[in-house]
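Here is a short report for a reader new to this structure. Please look at the sequence and the model first.

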Amino acid sequence: ALLYFNLFKYVFDVNLQNQIINTVSNNARTLINGLVASNVVRISEVDVINFWMAHDPRIKNVVYFNPNGSIRWHKNKEHWDKSFSDYERGGFLETYAVSEALLKGEPKVVMKNEGSMYEIAIPLKHAKGDDPKQNIVGVVSLDVSREQVQAEIKSAMFKYFIGAIAVMVLMGFVLYIYVIKKVVSPIVSLTNSI
């Protein structure tokens with residue numbers, strides 16, 4: 001049961017992470033073009049971010065960083081143009097996901113809020129090259145709820161539990177018949193013959 005629980009958890013969590021990363025990747029060209037063209041967020045970029053938040057209830061917050069580390073877009077306009085270090089010092093960055101994504105040049109996923117959320121930081125790369133870290137023009141950080149995943153894991157575990165009980169009952173019945181025919185019956189007939 002523990003093995004299957006961890007397997008379900010892993011599969012559903014990785015699926016959630018990949019779905020969010022693919023959502024950002026599908027719209028990355030619009031964001032990258034905006035980052036390269038101007039230091040000010042464009043309407044097309046805002047439309048993409050608003051679309052994510054409106055159409056995916058799992059996405060609870062998006063922070064969009066400029067190449068210089070300042071905040072390009074945040075749902076709270078007071079944070080716009082705030083530096084990464086000021087934002088971090090203010091206690092708004094609860095994990096190291098953004099720093100790791102910038103450092104490694106790859107998406108970074110960190111669990112937070114006692115396992116109820118993920119922070120997924122995805123670097124946006126302008127061009128392909130030898131060193132992916134040098135091509136990063138910005139980062140998108142998303143707070144993603146695990147509520148749906150936790151419900152799916154619970155449902156899958158319940159189905160697994162019911163299936164396991166059914167298999168155990170069936171195997172128990174077959175074993176019972178086998179023991180009766182192969183062990184008990186010969187002993188009873190031997191006892192009767194004696």
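## A helix across the sheet

Helix α3, residues 43-55, lies across β1, β2 and β5 and runs at about 160° to β1. Helices (H or I, at least four residues) and strands (E, at least two) are DSSP runs, numbered from the N terminus. Axes are lines fitted to C-alpha atoms, for helices over the stretch in contact, and angles run from 0 to 180 degrees between N-to-C directions. Contact means heavy atoms within 4.5 Å.

This is a predicted model: local features need pLDDT of at least 70, side-chain atom pairs count only at pLDDT 80 or more, and totals for chains, interfaces and linings use all residues. Residues are numbered from 1 along each chain as its sequence is written, and side-chain values use heavy atoms, with hydrogens and water left out.

## The chain as a whole

The chain has six helices and five strands. From the N terminus, the order is α-α-α-β-β-α-α-β-β-β-α. The radius of gyration is 27 Å, well over the 16 Å that the globule rule gives for 194 residues, so the chain is more spread out than a compact globule. That radius is taken over C-alpha atoms, and the globule rule is 2.2 Å times the number of residues to the power 0.38.

Along the principal axes, the C-alpha atoms fill a box of roughly 100 × 35 × 30 Å. Of the 194 residues, 36% count as buried. Buried means under 20% relative accessible area (1.4 Å probe, protein chains only), exposed means over 50%, and partly exposed is in between. Among contacts with a separation of 6 or more, 52% join residues 24 or more positions apart.

## The sheet

Five strands make an open sheet, ordered β2-β1-β5-β4-β3, with antiparallel pairing. β2 (71-74) and β3 (108-112) stand at the edges with a single partner strand each, so one side of each has no neighbour in the sheet. On average, neighbouring strands are turned by 20° against each other, direction ignored. Two strands pair if DSSP finds at least two bridges between them.

Take β1 (residues 59-65) and β5 (residues 136-145). They pair in the antiparallel sense over six bridges. Y64 has V140 in β5 as its bridge partner.

## An aromatic cluster

How many aromatic pairs does the structure hold? There are two. The pair of F65 and F84 is edge-to-face, at 5.6 Å centre to centre and 65° between the planes. F65 lies in strand β1 and F84 in helix α4 (residues 84-89), so this pair ties together parts 19 residues apart in sequence. The rings of F65 and Y87 have centres 6.3 Å apart and planes at 75°, so that pair is edge-to-face too. Y87 is in helix α4, 22 residues from F65. Rings of Phe, Tyr and Trp (its six-membered ring) pair if their centres lie within 6.5 Å; planes under 30 degrees apart count as stacked, over 60 as edge-to-face and the rest as tilted.

Together, F65, F84 and Y87 form one aromatic cluster. F65 is buried at 3% relative accessibility. F84 is buried at 19%. Y87 is buried as well.

## A loop glycine and a charge over a ring

G69 is in the loop between β1 and β2. Its relative accessible area is 17%, so G69 counts as buried. Beyond its neighbours within four places in sequence, G69 is in contact with K82, S83 and F84. G69 and F84 are 15 residues apart in sequence, and their C-alpha atoms are 5.2 Å apart.

The charged end of K77 sits over the ring of W80, 5.5 Å from its centre. This calls for NZ of Lys or CZ of Arg within 6 Å of the ring centre and within 35 degrees of the ring normal.
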